[in-house]
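Please have the sequence and the structure in view as we go.

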Protein chains: 2
Amino acid sequence: MTDAELRGFLMAGTRTGKFATTRPDGRPHVAPVWFVVDGDDLVFMTNSATVKGRSLRHDPRAALVVDLEAPPYAFVLVEGTVSISEDLDEMLDQSIAIARRYMGEENAQTYGRRNAVAGELLVRLRMDHVVAVDNMAGHD
Amino acid sequence: MTDAELRGFLMAGTRTGKFATTRPDGRPHVAPVWFVVDGDDLVFMTNSATVKGRSLRHDPRAALVVDLEAPPYAFVLVEGTVSISEDLDEMLDQSIAIARRYMGEENAQTYGRRNAVAGELLVRLRMDHVVAVDNMAGHD
């Protein structure tokens with residue numbers, strides 16, 4: 001995929017990211033997240049009390065995959081080390097953008113403002129290491 | 001969700017599983033997999049040379065999430081320890097069932113037989129520990 005195709009794939013519709021972390025005891029964890037592409041980062045929010053929030057505090061290495069769940073099937077995997085911000089102003093802008101993507105323009109402000117509060121983490125995963133497979137039918 | 005709803009959610013259409021493992025160096029990895037529900041197991045195949053194949057040999061603890069990527073958004077997360085089989089007869093039945101789900105009845109035999117070969121692993125993740133959230137809009 002070209003860079004434009006990659007970004008288009010990641011931002012298509014309401015596709016969610018499946019975000020994987022390693023728990024302190026070594027077990028993997030994965031959960032869907034609402035995210036947007038901001039520059040070269042995938043950006044999403046999570047509460048500091050969630051499994052992913054706690055796991056990231058322990059080990060910031062992470063992976064996020066987005067896929068097309070129909071023929072010809074395809075996916076983009078991003079791996080790297082996250083950075084975390086608790087700055088509420090920075091969080092608010094991203095929170096509104098995320099809400100716009102997943103809940104629509106009409107709900108963007110309401111959802112965005114409700115989620116950008118103390119206790120939430122703004123997580124950035126830089127697109128440094130990317131694997132893109134644009135036709136995986138028949139592969140595994 | 002009831003047990004029937006859970007199974008229906010997992011088996012709806014061509015939803016893929018996002019399967020997470022921990023690499024030997026502790027980094028998380030996640031990749032989409034084609035799977036079916038067989039009894040109380042989620043069953044899929046992978047090559048022994050893939051990241052997930054190699055990671056599972058090192059640590060069989062895993063997690064798999066399936067989600068609905070549209071309002072009201074929902075997901076099912078299964079966590080546990082996998083078992084692995086390289087028995088080609090057992091593999092063939094599952095391989096055909098998996099191909100039927102994702103490539104259609106007309107391709108089930110061809111894809112199924114092509115994939116059930118030496119070097120492939122049949123992976124079973126028992127549905128012992130399940131988290132089901134059937135409306136996550138507004139949550140994170």
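Predicted model: local features only at pLDDT ≥ 70, side-chain atom pairs only at ≥ 80, totals over all residues.

If you follow the chain along its sequence, the elements come in the order α-β-β-β-β-α-β-β-α-α-β-β. The radius of gyration of chain A is 15 Å, close to the 14 Å that the globule rule gives for 140 residues, so the chain is as compact as a globular protein of that length. Taken along the principal axes, the box filled by the C-alpha atoms of chain A is roughly 45 × 40 × 20 Å.

Turning to the inside, 41% of the 140 residues of chain A count as buried. Among the contacts in chain A with a separation of 6 or more, 65% are between residues 24 or more positions apart.

Now to helix 3 of chain A, which spans residues 88-103: which of its residues are buried? They are Met91(A), Gln94(A), Ser95(A), Ile98(A), Ala99(A) and Tyr102(A). Because these residues cover an arc of only 140 degrees around the axis, they sit on the same side of helix 3 of chain A.

What, then, covers the buried residues of helix 3 of chain A? The cover includes strand 3 (35-38), strand 4 (41-47) and strand 6 (74-85) of chain A, together with helix 4 (105-115) and strand 7 (120-126) of that chain.

Terms used. Residues numbered from 1 in each chain as written. Chains lettered and ligands numbered in written order. Helix = DSSP H or I, 4+ residues; strand = E, 2+ residues; numbered from the N terminus. Rg over C-alpha atoms; globule rule 2.2 N^0.38 Å. Buried ≥ 20, exposed ≤ 12 C-beta atoms within 10 Å, placed from the backbone. Contact = placed C-beta atoms within 7 Å. Arc of directions from axis to C-beta.
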